[in-house]
Amino acid sequence: MPVLRRLLNSLAVGTVDIVDLTSPLHERTPVIKLPPPFANTQPFSLKVVSRYDERGPAWYWNDIAMGEHVGTHFDAPIHWITGRDGLDVAGIPLRHLVAPAIVIDKSAECAGNPDFLLEIEHIEEWQRQHGPLPEGGWLLYRTGWDSRSDDPDRFLNLDEQGRSHTPGVSVECARWLADKAPIVGIGVETVGTDAGLAGGFDPPFPVHYFLLGAGKYGLTQLTNLARLPATGAVIVVAPLPIVGGSGSPARVFALVERA
Ligand code: MN
């Protein structure tokens, strides 16, 4: 049977499941907050154009406004100064957006330590159990942070000094993922791909610095990673093709085989 017909049959009988990895977009969707003197991005907002009224008697529609980096979103290489000669979000090859995905689960570690950092040795340990990282695929980093996504304060987890305490990736691990790993991108549950404290790392924001500089991608504010197997899922990432854009809100879902 042709592979696409087999896929449709499997979806119909439930042996392939579709898992939504996207956080809903609304006015309380958490947004990254940079300290002064840096400029901040606009949160999501919705303005009614007409709603079955004199402005449009038979139709309802809205204008939306938001930054490129709001909610579940995609970081293109051009987002960072190290990737400034790289691809914009409209130029990303589609084959990188439908790809194998693996999940590294550090939610137990992050529950006890919001500043937890993924290290190379954690990935090596995962590989001993599950095999190599997928060529051309995505590393999805589960931290349990999606359980906080309906509460912006708990999600950003700021201390009295305004520093954010959220999990991330160490400098050495970010460099390794950029230069040595066969993946095209990393997906996280937090507001950005870097740790909350990563502005103080050397270099600052190493996931952005190294991965985007290597032409790789980021995905943030994913949810439902707990519903994915460690290996075997196919991720579908759909950012808007904003010409010249540094990123875009994205619908992200995964296809998962059920036994
Ligand atoms: Mn971003």
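Predicted model: local features only at pLDDT ≥ 70, side-chain atom pairs only at ≥ 80, totals over all residues.
1. Phe210 is buried, with a relative accessible area of 12%; buried stands for under 20% relative accessible area, exposed for over 50%, and partly exposed for what lies in between (1.4 Å probe, protein chains only). Residues are numbered from 1 along each chain as its sequence is written, and side-chain values use heavy atoms, with hydrogens and water left out.

2. Aromatic pairs number 6. The rule takes rings of Phe, Tyr and Trp (its six-membered ring) with centres within 6.5 Å; planes under 30 degrees apart are called stacked, over 60 edge-to-face, and the rest tilted. Trp80 and Phe205 have ring centres 5.7 Å apart and planes at 70°, so this pair is edge-to-face. It joins distant parts of the chain, 125 residues apart: Trp80 is in the loop between strand 4 (73–75) and strand 5 (98–105), and Phe205 in the loop between strand 9 and helix 6. Helices (H or I, at least four residues) and strands (E, at least two) are DSSP runs numbered from the N terminus. Phe205 is partly exposed, at 28% relative accessibility. Tyr209 and Phe210 are also edge-to-face, at 5.0 Å centre to centre and 80° between the planes. Phe74, Trp138 and Tyr217 form one aromatic cluster.

3. The count of salt bridges is 10, each being a side-chain nitrogen of Lys or Arg within 4 Å of a carboxyl oxygen of Asp or Glu. One of them joins Arg258 to Asp17 at 3.1 Å, N to O. These residues are 241 apart in the chain, with Asp17 in strand 1 (residues 16–20) and Arg258 in the segment after strand 12 (247–257). Arg258 is partly exposed at 31% relative accessibility, and Asp17 is partly exposed at 25%.

4. Asp20 and Arg251 form another salt bridge, with the closest N and O atoms 2.6 Å apart. Asp20 lies in strand 1 and Arg251 in strand 12, so the pair ties together parts 231 residues apart in sequence. Relative accessibility is 26% for Asp20, which is partly exposed, and 48% for Arg251, which is partly exposed.

5. In the salt bridge of Lys106 with Glu109, the closest N and O atoms are 3.7 Å apart. Lys106 is buried at 8%, whereas Glu109 is partly exposed at 34%. Asp105, Arg142, Asp146 and Glu189 are linked in a network of salt bridges.

6. Helix 5 (residues 171–179) has Val171, Cys173, Ala174, Trp176, Leu177 and Ala178 buried. These pack against several elements, including helix 3 (120–130), strand 7 (138–142), strand 9 (185–188) and helix 6 (206–213); contact here means heavy atoms within 4.5 Å.

7. Leu46, Val48, Tyr52, Tyr60 and Ile64 make a nonpolar surface patch of about 460 Å². Patch residues have over 30% relative accessible area and no salt bridge, with like charges joined within 9 Å and nonpolar side chains (Val, Leu, Ile, Met, Phe, Trp, Tyr) within 5 Å; areas come from the Shrake-Rupley method with a 1.4 Å probe, only the protein chains shown counting as cover for residues. Strand 2 (45–53) and strand 3 (56–65) each give two or more residues, and strand 2 gives the most, with 3. Ile64, in strand 3, is exposed at 52%.

8. Arg51 lies over the face of Tyr60, at 4.0 Å from the ring centre. The charged end of Arg148 sits over the ring of Trp145, 3.9 Å from its centre. The criterion is NZ of Lys or CZ of Arg within 6 Å of the ring centre and within 35 degrees of the ring normal.
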